[in-house]
Amino acid sequence: MTTSAEMPLDAFDTSCVSVLGFGDNTADVYDHTNTMYPGGNAVNFAVACKRLGVGRSAYMGIFGNDRPGEHIISSLQEENIELVKCRQVIGPNGACHVTLVDGDRVFVSSNEGGIRGESRYVLDRFDLEYVKQFDVVHTGNYCFTERQLPKLASTGVPVSFDFSDDSSDAYIEELAPYVDFAFMSCGALSKQDAEARMRWVAEQGPQVVVATMGSEGSLAFDGERIWHQGIKPVEHLVDTMAAGDTFLSGFVVSWITSTKSGVTGCERMESALDFAASAAAQACGWSGSWGHGVPFSVNT
């Protein structure tokens, strides 16, 4: 009999899950091909979850009114992402310039979020009622949402947060108490150092801490033991952009699906890590974060 951890992506029913990505959206401009792709941790989460079969996926954030902003909006609409709580303001959308080296992304420059970095999204009581409609809300350390985390936590909806690989200890200490699922990139650390850091982060409050380790796979800590997951084979490597975002999306979706089904303990963790690794492998076959590339250059 096939166990949940062995189920292929299309056999794992995630339709009972509803998710919300809150924060950044970014135009990833590939200088080497003069192509623009939609991206950003929060929108990548929303799209990845939708592609993984969730019943409802929404994004809440701020767009600029330039061509990159319009392209991201239309791309999200094509992916059937709910955008009813988004805002569009006058100014440049967040954008960064990227190139590829042997299939790996290399960031060249960015405009620090564009107008989104100046026009912060402040949650009001009506926004919080909207948040309560979802099973989980995801944001991260490039989203400019730090001051909103206490409000998100007050809704009772689990909060997923991507600390990436560049969050300071002070930053984590301040925000982790409001986080349920903490994700980090620890590819530059040894396994021993990564495990020590995960345990320390867990002490700050998160229920689960997950660290991606590049080619070494990933680690997860549930407060009791460390779990390890190897990488899954990539049939046709196109681009590693957003593989990490898709990994965390798969983990959260699987975890919530299992919880709703009454599955806990070892089986829930094993399923989540396995599903996440499979999702990340699939994402490596997409151009950009999730496709939708259009011609674009600095002179466009």
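Reply: Let's start with a cut-off: buried means under 20% relative accessible area, exposed means over 50%, and partly exposed is in between. Glu129 has a relative accessible area of 47%, so this residue is partly exposed. Keep in mind that this is a predicted model.

Me: Which residue does Glu129 meet in a salt bridge?

Reply: The general idea is that side chains of opposite charge can pair when their charged atoms come close. Here Glu129 pairs with Lys132, at 3.1 Å from N to O. Lys132 is partly exposed too, at 44%.

Me: How many salt bridges does the structure hold?

Reply: There are 9. One of them joins Glu79 to Arg51, with the closest N and O atoms 2.7 Å apart. That pair links distant parts of the chain: Arg51 sits in helix H1, Glu79 in the loop between helix H2 and E5, 28 residues apart.

Me: And Asp127, is that residue buried or exposed?

Reply: Buried, at 2% relative accessibility. Asp127 forms a salt bridge with Lys85, 3.1 Å between the closest N and O atoms. Asp127 lies in helix H3 and Lys85 in the loop between H2 and E5, so the pair ties together parts 42 residues apart in sequence. Arg87 joins Lys85 and Asp127 in a network of salt bridges.

Me: Now the sheet. What is the strand order?

Reply: Read across the open sheet of 9 strands: E5-E4-E1-E8-E9-E10-E11-E12-E13, with mixed pairing. E5 and E13 are at the edges with a single partner strand each, so one side of each lacks a neighbour in the sheet. Further in, E10 and E11 run parallel, joined by 5 bridges.

Conventions. Residues are numbered from 1 along each chain as its sequence is written. This is a predicted model: local features need pLDDT of at least 70, side-chain atom pairs count only at pLDDT 80 or more; totals for chains, interfaces and linings use all residues. Side-chain values use heavy atoms; hydrogens and water are left out. Two strands pair if DSSP finds at least two bridges between them. Helices (H or I, at least four residues) and strands (E, at least two) are DSSP runs, numbered from the N terminus. A salt bridge is a side-chain nitrogen of Lys or Arg within 4 Å of a carboxyl oxygen of Asp or Glu. Buried means under 20% relative accessible area, exposed over 50%, partly exposed in between (1.4 Å probe, protein chains only).
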